[in-house]
Amino acid sequence: MDTINNCNPADWQTGFKVKLSTKSSMAYEEYTGQIEQSGNDKRQYRLIRLPNNLVALCVQDVDAKEAAASLSVGVGSSANPIELQGLAHFLEHMLFLGTDKYPKEGEYTAFLSKNSGSYNAYTSYAETNYFFSVVNDALDGALDRFAQFFISPLFNADCVDREINAVDSEYKGNVQNDSRRIYQLEARTSNPAHPFAWFPTGNIQSLMGAAKELGLDLREELIKFYNKYYSADIMRLVIVGNYSLDVLSEMVASKFSDVKSKGDTRAAFDCIPVTKNELGKIIHYKTVNEKYELKLRFALPDIKSLYRENSYEYIDTLLSHKEPGSIYSVLRKNGWATSISACSSGSHYDGFATYMIGIDATPEGLENYEAIVGIIFGYINMLIEHGPQEWYYKELSLINKAQFDYKDKEEADTYARTISSGAHNQYVLPQHILSHDLLMSGYNAEQISKCLSYLNPGNYRLFIGAQEHKSVECTLKEKHYDILHHISDMPAHLTSN
C-alpha cells in the first residue's frame, strides 16, 4: 500500500542543548524550543533527552495533589513471537516482581501503598505503558524503584505460574466482552502472516502450554524478549509533580540514565495486515449482548505524519454528524439506526492504519444493510464530487483550538499516561508533544481528497453483528473467544460505485 505523503520523521537531534546538572554532574540534553501548550495551562514543562536517548517530559504542577509518572516502551503485542503469543503481555505482568536493587517481591507496591499511591500497566499492539501515582513527597523513592524495572529486573522464577494464571484470568474475563470479541475477530480474519492477526492477550495454552510443546523455558524466552526489545531509545517518560523543573530533571537523569540503549528496537514487518485476500468480505458474527451493528472497516496506509493537518478528523465529522442531510439523518428517518461513528484507528507504528464507519442499527436496519452501505458510499461520493471545503476545515480548527485552550485539567497519572503514549509518533515535532492530537492546521485539499479516496467500495470489509442472523448460519468458531461467525464474498454491487 502506498503512503499519503512523503513526510520524513521529525528531527529530534536538533533543538537540544547539553545541560550539566549542578548536583550530580549528570549530563542530559534540554529542548530549547517553545512547547505548544494550552492558554489555560499553568503547568511548566521541560523536555529532555538522556545520553542513552531516553526522552522525558518533566511537568511542574505547583497545584498537584499527587505526583505521577508514566513510561511507555514502544513495543507491544506486535513483537510477540508466533509460537508464544501473549509474551509481551506476560512480560508486563512479570516486570513488577523485584529488581537487583530492590529484590524483595512487593517492595514497589508496598512503597506505593504506604504513600497513598497506585499503579497499573497495559500492553497494546505497539506499546507497553507502565504508570503510577503517589503523594508528592514520595515521588523520588517511587521513581527510584520504578526505574529499576527497566535496568535490572529479576523476573522471579517462583512467580511464573502465578502470573501466567493472572494473564489467563484477564483473558477469561474478556471472553464475554463484545468489544474485545469483535477486535479479536477483526484480527483473526486479517492476513495470518501479520502479527495483527495473532492473539495479543495470551493465556495458559498460548504461553506455558506452547512453551512445553516446543521444549522451551518460558522464563528464558521472556528474558530474551526483554533483552531484545526494551531499549532506552524507544522509551518515553513523563513525570508530574510539584517540584521545580530542575529537581524533576535531576530525578530523571539520576535514575534513568542507566537504562541500556540498544538502538531502535521496534518491531517491523514486511507485510500488511489486510491484503486483497481479506478485502471484499462480509463477516457475520454473533454477539453476546443484544445489539445490531454494522462496521465498514477500510484499509489505510501509514497516517502518522498527518497529525498536524489531521485530514481524517475533517472526514470523521462529516461522516458522523447528525444534522439534516447527514448519513445518520437518513438512516434514522428510515428507522434503521440509533447512532453512527466514524474514525481512523490511529497508525500502529508499522506502516498501516484502518478506518471504521460504525452503525448501531435496529433489527430493520440490519435486514437492510445493503441499502445502508449504499447510502454511506453515496454520501462519500458526494463529498468527493464537491471537493474539500476550506471554510469547514477552518471552522473545525477553531473549535479544536477552543477545546484545547479550555479543556479540563486531567488527573496527574492520566495526563502522564496520555502524553507518554502519544510521544511514540516519530513524526511529531518536539514542540507539538502536548498538542499533536488536539490541534489541526495546514489545510491541504489534495491530501483530504487522497484520504477520501481510500474510503471506496473496493477497499473495505463489512462486519455485521447480532445475537441471531436470519440470512446466514454462523458455523465458524474463532479459536480463543469462541466467536461464531460466517464469512462470504461481497456481491458485486457492494464492491463498486
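Modeller: Helix α2 (residues 107-114) and helix α3 (residues 139-148) have axes that come within 10 Å and cross at roughly 160 degrees. Axes here are lines fitted to C-alpha atoms, for helices over the stretch in contact, and angles run from 0 to 180 degrees between N-to-C directions. Helices and strands are DSSP runs, helices being H or I with at least four residues and strands E with at least two, numbered from the N terminus.

Colleague: What does that angle make α2 relative to α3?
Modeller: It makes α2 roughly antiparallel to α3. Angles under 35 degrees count as roughly parallel, over 145 as roughly antiparallel, 65 to 115 as roughly perpendicular and the rest as oblique. The crossing of α2 past α3 is left-handed, a label used if the near helix is turned anticlockwise from the far one by less than a right angle, with right-handed used if clockwise.

Colleague: Before I go on, where do these values come from?
Modeller: This is a predicted model, where local features need pLDDT of at least 70 and side-chain atom pairs count only at pLDDT 80 or more, while totals for chains, interfaces and linings use all residues. Residues are numbered from 1 along each chain as its sequence is written, and side-chain values use heavy atoms, with hydrogens and water left out.

Colleague: OK, back to packing. Which residues of α2 and α3 meet?
Modeller: On the α2 side, E107, Y108, F111 and L112, and these meet G141, A142, R145 and F146 in α3. Contact means heavy atoms within 4.5 Å.

Colleague: At what angle do α1 and α4 pack?
Modeller: Helix α1 (residues 87-94) packs with α4 at about 120 degrees, and their axes are 10 Å apart. The two are therefore oblique to each other, and α1 passes α4 in a right-handed crossing. From α1, H89, F90, H93 and M94 make the contact, and from α4 V160, E163, I164, A166, V167 and E170.

Colleague: What else does F90 touch?
Modeller: Not counting residues up to four places away in sequence, F90 touches V160, E163, I164, V167, L207, L218 and L222. F90 is also one of the residues that touch the most other members of the largest nonpolar core, along with F132, F146, F150, Y230 and F256. That core has 65 residues, and its largest share, six residues, comes from helix α8 (residues 245-256).

Colleague: What counts as a core here?
Modeller: A nonpolar core is a set of buried Ala, Val, Leu, Ile, Met, Phe, Trp, Tyr and Cys residues joined through side-chain atoms within 4.5 Å. Buried means under 20% relative accessible area, exposed over 50%, and partly exposed in between, with a 1.4 Å probe and protein chains only.

Colleague: New topic: strands. How many residues of β5 are buried?
Modeller: Seven of the seven residues in β5 (residues 67-73) are buried. A67, A69, L71 and V73 point one way from β5, and A68, S70 and S72 point the other way. In a regular strand the side chains alternate between the two faces of the sheet.

Colleague: Which strands does β5 pair with?
Modeller: Seven bridges join β5 to β7 (residues 128-134), running antiparallel, and six bridges join β5 to β8 (residues 235-241), also antiparallel. Two strands pair if DSSP finds at least two bridges between them. S72 has N129 in β7 as its bridge partner, while L71 stands opposite L237 in β8.

Colleague: And the seven-stranded sheet, in what order do its strands run?
Modeller: The order is β11-β12-β10-β13-β9-β15-β14, in an open sheet with mixed pairing. β11 (337-344) and β14 (476-477) stand at the edges with a single partner strand each, so one side of each has no neighbour in the sheet. β11 and β12 (residues 353-361) are antiparallel and joined by seven bridges, with S344 opposite Y355.

Colleague: Last one: is F155 buried or exposed?
Modeller: F155 is buried, at 3% relative accessibility. F155 sits in the loop between α3 and α4, and its phi is near 50 degrees, a positive value in a residue other than glycine. Most residues other than glycine have a negative phi, and most peptide bonds are trans.
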